[in-house]
Amino acid sequence: DDELAFSWYRRAAEAGHVLAQYNLGGMYARGRGVVRDEQRALEWYRKAAEQGAPNAQFNVGVMYANGHGVAKDEARAVAWYRSAAEQGDASAQNNLGVMYANGLGVGQDDLQAVSWYGKAAEQGHALAQFNLGGMYGSGRGVKRDELRSFMWLTLAAEGGDMAAAVNRKKVALNMSPQAMADAQDLVRRWRAQHRQGTLLRDRPR
């Protein structure tokens, strides 16, 4: 029962329980058990974020980046993404990379973009893998490398990114049989090194 859950979350949130604050923000954001209200969602996400919850910090960043429940402010979005990214939140790391790649709220910096994409990609974040594959393919922020471009696009495609599957085919068209074999070997080695870890396909909610 969403209304009952909302009541319990609100009681715990008002007592300072960080997870309840995050969940209450989510209920306001989605209109579950209460009328949808982005400003109230931001309020509760921010309370959890200020207690250090990286998932809440990420959501606050998204709301500032898109102007949901608050005036759009890309610089504040970057600050919140960074707080979450430095705690290891893969989605925040990817989004921070996007901000650097496009100069949104921060000076444009391909080296920083590659660095943050890389941190998320190593955690198995499919969108970051797609973005990193694009950087290797175009030589932005890193030496152009079709083998690593293919590797990251392959991993992203396996993680469900449809655009990565399309781009991988385009990259493959220009690769020699030996280059393709080498790239597939990179994919196998990455899988072997990360087999013991839990891959992040989507940000935990």
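This is a predicted model: local features need pLDDT of at least 70, side-chain atom pairs count only at pLDDT 80 or more; totals for chains, interfaces and linings use all residues.
Residues are numbered from 1 along each chain as its sequence is written, and side-chain values use heavy atoms, with hydrogens and water left out.

H194 sits in helix α11, residues 177-194, helices being DSSP runs of H or I of at least four residues and strands runs of E of at least two, numbered from the N terminus. Is H194 buried or exposed? H194 counts as buried because its relative accessibility is 16%, and buried here means under 20% relative accessible area, exposed over 50%, and partly exposed in between, with a 1.4 Å probe and protein chains only.

Turning to A120, we find this residue in helix α7, residues 110-122, and buried, with a relative accessible area of 0%. Which residues does A120 touch, leaving aside those up to four places away in sequence? They are A90, Q93, N94, H125 and A128, with contact meaning heavy atoms within 4.5 Å. The C-alpha atoms of A120 and G88 are separated by 8.1 Å, although the two residues are 32 apart along the chain.

Now the cores, where a nonpolar core is a set of buried Ala, Val, Leu, Ile, Met, Phe, Trp, Tyr and Cys residues joined through side-chain atoms within 4.5 Å. The largest has 48 residues, and V60, Y81, L96, L132, M151 and W152 are those with the most contacts inside it. Apart from that core lies another, of twelve residues, including L153, A165, V171 and M175. Y81, beyond residues up to four places away in sequence, touches F58, G61, V62, A65, A92, N95, L96 and M99.

Finally, the whole chain: the protein has eleven helices and zero strands, and its C-alpha trace spans about 60 × 35 × 25 Å along the principal axes. Of its 205 residues, 42% are buried, and among contacts between residues at least 6 apart in sequence, 49% join residues at least 24 apart.
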